[in-house]
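Here's a quick briefing to keep beside the viewer. Take a look at the model first, then work through the notes by topic.

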Amino acid sequence: MTNEYTPAKVWVMDNENGGEWASINRPDSGARHQQVLPVGKQPIQLHSLATPNGQKVTIMLEELLAKGVTEAEYDAYLINIGEGEQFSSGFVDINPNSKIPALTDNSTSDSIRVFESGNILLYLAEKFGYFLPKNIAERTEVMNWLFWLQGSAPYLGGGFGHFYAYAPEKIEYPINRFTMETKRQLDVLDKQLANNEFIGGDTYSIADMAIWPWYGNLVLGKTYNAAEFLDVASYTHLQRWAKQIDERSAVQRGKIVNRTWGEEWEQLPERHSASDIDAVLKKRP
């Protein structure tokens, strides 16, 4: 290995070596500018972006609406993380960690803030009574996988995705390290799905909604341009599941909300009613 790095006695931020996100990444938290967030008419106010973590929540909300849960109607406002909008005073009030997604539930007498995508899924499942089994054994299995995702996805996104796709230079050691872990995780999921229709068992749940945006998109070739590199076609059970989830109407609807890239039928920066999604999906050839 050449150009070996020797850490300083006290770390100091280097603005020149941060890669794609150097302009916004800092070692401190809190608001960087004053901005009041917009508030719409719907009971739930979501502030997000269609990253995998953002897709989890919009898919969940669309699944609830497909069940006829009108109380899950929501306004979805775009947070452009590349422009640092997650550091506005309004957003920090909802999520002091400045990460999307975050929402407020205005259906209660006192507005409730909810942040961290896994917690949002759990909150909505418990509030509306769907996609989380009542039986303690089945519920625990779903929660096992929800927490698995929350602990595993940073290795995929912040580890593999960063060094393979976004880092300013390709470095063999971190790419090999995080590729090894990513493929191990894909194997874990593939073996679980060999004997189960869905991640948590026989029933579609918040575990599927949490894991699909990360690992489903990955094995379908929609993330990091890494499908061949990771040999995703070899994970046959995971492929079956990823395609099955992708075909769900609510997934097709939820995954385009707060999206500003791709084809025109894949982009919906803001969502305020079902007709907003309908209009975009009609553009598909």
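How much area is buried between domain 1 and domain 2, and what percentage of it do carbon and sulfur atoms give? About 1,100 Å² is buried between the two, with carbon and sulfur atoms giving 67% of that area. Keep in mind that this is a predicted model. An interface's size is often quoted this way, as accessible area lost when the parts come together.

**Domain layout**

- The protein splits into domain 1, covering 44–128, and domain 2, covering 136–247.
- Going by C-alpha atoms, the centres of domain 1 and domain 2 sit 22 Å apart.
- On the contact itself, domain 1 puts in 14 residues and domain 2 puts in 13 residues.

**The domain 1 side of the contact**

- Two elements, α1 (52–66) and α3 (117–128), each give two or more residues to the side of domain 1 that touches domain 2.
- Of the elements on that side, α1 gives the most, with 7 residues.

**Polar links and salt bridges**

- Between domain 1 and domain 2 you'll find 5 residue pairs in polar contact, counting pairs with both residues at pLDDT 80 or more.
- The salt bridge count between domain 1 and domain 2 is 1.
- If you want a pair to click on, the side chains of E126 and R139 form a salt bridge at 2.8 Å, N to O.
- Search the whole structure and the salt bridge tally is 12.
- R248 and E63 also make a salt bridge, with their closest N and O atoms 2.8 Å apart.
- R248 is in the loop between α8 and α9 (249–254) while E63 is in helix α1, so this pair ties together parts that are 185 residues apart in sequence.

**What UniProt says**

- An unreviewed UniProt entry carries the annotation "domain: GST N-terminal" over residues 45–132.
- Residues 45–132 come out at 38% helix and 19% strand in the model, and the C-alpha atoms at the ends of the span are 22 Å apart.
- UniProt (unreviewed entry) also lists "domain: GST C-terminal" for residues 135–273.
- Residues 135–273 are 64% helix and 0% strand, and the end C-alpha atoms lie 34 Å apart.

- The peptide bond from I100 to P101 is cis, its omega being near 0°.
- You'll find P101 in the loop between α2 (89–94) and β3 (102–105).
- D231 isn't a glycine, yet its phi is positive, at about 55°.
- For D231, look in the loop between α7 (227–230) and α8 (236–246).

How values were computed:
Residues are numbered from 1 along each chain as its sequence is written. This is a predicted model: local features need pLDDT of at least 70, side-chain atom pairs count only at pLDDT 80 or more; totals for chains, interfaces and linings use all residues. Side-chain values use heavy atoms; hydrogens and water are left out. Domain bounds come from an automatic or database domain assignment. Contact means heavy atoms within 4.5 Å. Buried area is the accessible area (1.4 Å probe) that two parts lose on being put together, summed over both. A salt bridge is a side-chain nitrogen of Lys or Arg within 4 Å of a carboxyl oxygen of Asp or Glu. A polar contact is a pair of N or O atoms within 3.5 Å; within protein, one must be able to donate a hydrogen and the other to accept it, and residues adjacent in sequence count only if both atoms are side-chain atoms. Helices (H or I, at least four residues) and strands (E, at least two) are DSSP runs, numbered from the N terminus. UniProt positions are given in the numbering used here, feature names are shortened, and annotations may be inferred rather than shown by experiment.
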